Amino acid sequence: MKLIQNYIDGRFVPGKQEFDDVNPADGKVIARVTEAAEVQVNEAVAAARCALRGEWGRIGIRERAARLQRIADAIEKRFDCFVQAEVADTGKPVSLAAKLDVPRAAANFRVFADLVKMSGVEAFQTETSDGTGALNYAVRKPLGVVGVITPWNLPLLLLTWKVAPALACGNAVVVKPSEETPATATLLAEAMQDAGIPKGIYNVVHGFGPGSAGEFLTRHPDVNAITFTGESKTGAAIMKAVAPTVKPVSFELGGKNAAIVFADCNFEETINGISDAVFLNTGQVCLCAERVYIERKIFGAFVEALKQQAESLYAGWPNDAETNLGPLISAQHREKVLSYYRLAQEEGATVVTGGGIPKFGDDRDNGFYVQPTIYTGLPEAARCGKEEIFGPVCHIAPFDSEEEAVALANDTKYGLAASIWTGNLKRGHRVAQQMSVGITWVNCWFLRDLRTPFGGVGLSGIGREGGMHSLNFYSELNNICVKL
Ligand code: NAD
Ligand code: 6OD
């Protein structure tokens with residue numbers, strides 16, 4: 001059986017014990033993963049610190065950017081390996097991994113290679129009482145060793161979204177991928193070797209959160225910053241862990257995102273857009289819409305059309321080109337999603353479609369599939385309308401006025417994303433600007449320009465990454481004031 005190892009100081013090394021890597025499509029064990037011991041996390045951090053004093057600390061921005069481009073080349077060269085590793089770990093449709101996850105990983109390195117070369121710094125001329133003046137300018141320095149902790153839903157995409165700007169800024173990283181999806185972070189180590197990234201600059205430690213590699217990394221006194229994507233409650237635990245060593249954190253956390261659909265929308269485009277926003281990656285995208293508000297005039301027609309879309313999704317084998325709905329990530333996550341399916345009914349929902357487990361009559365019955373599910377009729381205070389479910393499910397509710405829609409959409413402790421669907425662009429801008437979120441899409445969803453700010457409000461996170469925001473997080477600015 002394949003063994004997925006840690007990658008420390010340029011070498012693949014076993015850990016203290018092993019755990020299973022399971023294919024969510026049929027529940028079969030596809031590999032064993034070796035969990036890093038605390039001493040190995042310490043070794044990874046020490047290797048990273050040491051590597052910063054070597055070649056990586058000396059080469060200039062132009063050469064760093066060139067190596068980032070080579071990482072992108074190396075990912076593209078191994079495109080099919082990355083796609084297959086991601087499909088096996090997540091069960092996502094091969095078409096999705098090939099269109100989204102892997103191309104985005106390469107794009108992350110290319111975009112931040114370009115950006116870091118183009119980025120300037122602030123400069124101010126300061127007037128002084130003696131009339132000679134002073135010149136202030138900032139220089140950008142790496143933070144040092146950055147701990148990168150990532151989830152399982154878009155494993156390579158979200159890992160590279162953080163590793164690329166961290167390396168662009170001259171840092172070394174120790175990454176802790178999700179225990180559910182360890183393969184592509186390890187494969188990326190091979191791409192790093194191909195690209196000439198010095199040993200110790202990219203390290204991978206496998207394991208879990210509390211009492212394991214995740215916690216060892218966040219508590220480590222020689223880790224200079226933590227960048228984390230995952231659940232809001234994990235973010236809270238990490239905040240506590242980093243407090244004694246006062247590390248900067250960047251947190252991209254959960255969501256309970258709203259979509260607002262006005263009656264003047266392009267109906268067909270909106271149905272397709274909302275169908276993606278609810279069901280893409282089996283609803284396991286932090287930006288997915290779990291609350292859909294529809295102007296009352298088109299409520300009935302919309303519910304019926306989205307029902308048809310949900311029922312037309314094809315939960316085939318992940319490697320079947322026609323498949324557009326995969327399983328959930330794990331048995332445990334499926335139990336959580338099903339518990340919300342049950343709760344919705346207890347809370348008074350009408351089931352429009354779904355609500356259970358599909359039957360296949362083959363090995364997929366041992367996987368973690370659920371039916372795409374739509375509810376109506378929940379009271380606004382229902383837990384199913386407030387808590388993140390992270391599955392292929394939404395609740396649809398009608399609204400009568402723009403003001404009501406805005407109030408409903410903003411009635412959440414989260415604040416990650418929203419989408420507005422309307423033929424009236426004036427209204428699109430007006431409503432978008434009232435959303436208490438980090439990103440609002442108008443007549444689209446998950447259309448990402450990597451130079452734009454990305455992050456969340458409230459329980460959805462701290463800080464912004466993307467473009468210059470990433471460069472600012474992954475570097476320290478040293479302001480230099482020169483008396484003239
Ligand atoms: P999770 O928080 O359970 O785990 C994420 C990572 O944190 C994993 O690598 C895990 O091992 C590690 N971890 C867990 N506890 C830890 C601890 N105490 N200390 C250190 N590390 C710890 O999240 P998940 O279930 O993997 O992912 C799903 C969640 O991620 C959803 O809530 C989703 O909304 C969120 N998410 C947010 C974004 C975003 O950009 N805002 C993107 C993707 C996913
Ligand atoms: O597109 C991105 O850069 C990004 N961070 C997406 C996050 C998706 C959440 O599941």
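Domain 1 (2-253 + 458-483) and domain 2 (257-442) both contribute residues to the lining of the largest pocket, so the pocket lies between them; the domain bounds come from an automatic or database domain assignment. This is a predicted model, in which local features need pLDDT of at least 70, side-chain atom pairs count only at pLDDT 80 or more, and totals for chains, interfaces and linings use all residues. Residues are numbered from 1 along each chain as its sequence is written, chains are lettered from A and ligands numbered from 1 in the order in which they are written, and side-chain values use heavy atoms, with hydrogens and water left out.

**Largest pocket**

- The largest pocket has a volume of about 980 Å³.
- It is lined by 36 residues, and W152, E179, F228, E231 and T234 are the closest to its centre.
- The elements giving two or more residues to this lining are α8 (213-219), β11 (225-229), α9 (232-242) and α12 (331-346).
- Helix α9 gives the most, with five residues.
- A pocket here is an open set of points on a 1 Å grid over the protein atoms alone, with protein on both sides within 12 Å along at least five of seven lines, and lining residues have an atom within 4 Å of a point.
- Grid points are joined across faces, edges and corners, and a volume is the space filled by probe spheres set on the points.
- Helices (H or I, at least four residues) and strands (E, at least two) are DSSP runs, numbered from the N terminus.
- The lining of the largest pocket divides into 14 nonpolar, 13 polar and nine charged residues.
- In these classes Ala, Val, Leu, Ile, Met, Phe, Trp, Tyr, Cys and Pro count as nonpolar, Asp, Glu, Lys and Arg as charged, and the others, Gly among them, as polar.

**Second largest pocket**

- The second largest pocket holds about 370 Å³ of space.
- Of the 16 residues that line it, L96, K99, D276, L280 and N324 lie nearest its centre.
- Helix α5 supplies the largest share of this lining, four residues.
- By class, the lining has seven nonpolar, seven polar and two charged residues.
- Domain 1 (2-253 + 458-483) and domain 2 (257-442) each provide at least three residues of the lining of the second largest pocket.

**Cavities**

- There are seven cavities of 30 Å³ or more, a cavity being a set of points where a 1.4 Å probe fits but cannot get out.
- The largest cavity contains about 90 Å³ of space.
- Its lining includes R104, W161, C286, F446 and R448.
- Helix α6 (residues 155-168) gives the largest share of that lining, three residues.
- Nine nonpolar, no polar and two charged residues make up the lining of the largest cavity.
- The largest cavity lies between domain 1 (2-253 + 458-483) and domain 2 (257-442), because both give residues to its lining.

**Single residues**

- F446, which is among the residues lining the largest cavity, is found in the loop between β19 (439-442) and β20 (454-455).
- Phi of F446 is near 55°, a positive value in a residue other than glycine.
- Most residues other than glycine have a negative phi.
- F446 is buried, with a relative accessible area of 16%, where buried means under 20%, exposed over 50% and partly exposed in between (1.4 Å probe, protein chains only).
- N281, in the loop between α10 and β14 (289-295), also has phi near 55° and is buried at 6% relative accessible area.
- H395 belongs to strand β17 (residues 393-399) and is buried, with a relative accessible area of 9%.
- A polar atom of the H395 side chain lies 2.8 Å from the backbone nitrogen of L378.

Definitions and conventions:
Polar contact = N/O pair within 3.5 Å; in protein donor to acceptor, adjacent residues only side chain to side chain.
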